Amino acid sequence: MSGMMPNRCSDLSPAQARVFLAALLLIALVGCVLSWNKGKLPARDVAPETQPVKTDTATEVASDPVAPDLQLYRDVTAAVARGENYYVTVKPQLLKHGFPVRSTFNWRLPTYAWFFALLPGPWAIQGLLVLLAAAGLTLHFQAEQTAQGLAAAVFSAFLLIGVVKWSVDGLAFYTQELWAAVLMLVSIGTIARKEPAWRIVAISAGIAALLFRELALPYCFWAAVFATYHRRWKEAAGWSAGIALFFAFLFWHSRQVAAQLTADDLNGAGGGLTQWLKFGGLDFVLLCTRLNAFLFAAPGPVLFLYLLLSLLGLTSSRDERLLLQGFTAASYFAAFSVVGMPINFYWGLLFAPLLPAGVAAVPAVLNSLWQHASGNRAMPNPPE
């Protein structure tokens, strides 16, 4: 296909199109005002590496500082690779790096440590992530070219580089959010393909993302809903079975965590689920939006316009893949307006892969709106 993909704005009358454009402009203006000076990056503590680095002059210097959570994931992975039990290892590591132990969700699912421990070293972990990211970009580009044309495919793929860039950023390859994001990107790139083998890849990658990070649940949920709505029963069953597997795994995980907790741990102050109920609203959502490297230093109004345009493009589309991304992104925005501490802004990696396709669809949507608002809709050729 080329160029202008059909969108829902094509159904609007001239009056409706004018009202829609006026409302869109008003939302953009008000949003830019409200987002002024919002979404600021939090100050974050980092701890220096304990192992010194010898230079060629034999002078010992401290290596670059590493965030506590990245140290935690690296140290837990190394312990599991040595044959240690994940749950026995995690509690002292959480306490060592300053994290509470009371909530099951602070312990993270063991998927990452189990999987990483099977690989020969950090270079292999990062290398595999980079390969998956490249595959996801390629699949996304092909899907976008089919749905929206070459220009949209190039533009959205360029924006996605700002997401997968984190796979080569220091020790970020240890984060489960990044692995979930890359796996979701692979799933999104294959979900529109009609061949059964590609559908299996889409489901497998999506459920793998969920097993890495439970925050991938909105994507898997909406994928199951869309498959059910379109009566693709086998696909819906695959998504549903994967989600059921996740909840069974989460229940088992919670029992393993409970076995490690003492009465003092359970009665201690803080560390429960309420620690994430911060009602950060637009401020936290904008902060999460920075997890595209191209937007990391952007001012609040730019972040707001990026979100607005991406949702406009995704939800105005008639393409099932883009609508799925729109519903999923909207779910993340709603959830993150309620839950999440400022230091959790890296959660934005979960919706970062969903947005570029929406921004790429905006020119067609605005062109359609303008044509309808001005009464210049294409008319059928008159009979000769």
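The protein chain exposes about 18,400 Å², and carbon and sulfur atoms supply 68% of that area; accessible areas here come from the Shrake-Rupley method with a 1.4 Å probe, and for residues only the protein chains shown count as cover. This is a predicted model: local features need pLDDT of at least 70, side-chain atom pairs count only at pLDDT 80 or more, and totals for chains, interfaces and linings use all residues. Residues are numbered from 1 along each chain as its sequence is written, and side-chain values use heavy atoms, with hydrogens and water left out.

The chain has 15 helices and two strands, taken as DSSP runs numbered from the N terminus (helices H or I, at least four residues; strands E, at least two). Of its 384 residues, 50% are buried, meaning under 20% relative accessible area with a 1.4 Å probe, protein chains only.

Next, the core. The largest nonpolar core holds 101 residues, and Trp239 and Phe351 have the most contacts inside it. Such a core is a set of buried Ala, Val, Leu, Ile, Met, Phe, Trp, Tyr and Cys residues joined through side-chain atoms within 4.5 Å. Helix H7, residues 176–191, gives the largest share, ten residues. Leaving out residues up to four places away in sequence, Phe351 touches Val285, Cys288, Thr289, Leu307, Tyr332, Phe333 and Phe336, where contact means heavy atoms within 4.5 Å.

Trp239 takes us to helix H10, residues 233–260, where it is among the buried residues, along with Phe246 and His253. Cover for the buried residues of H10 includes helices H3, H4, H7, H8 and H9.

Conventions. The expected span of a helix is 1.5 Å times one less than its number of residues.
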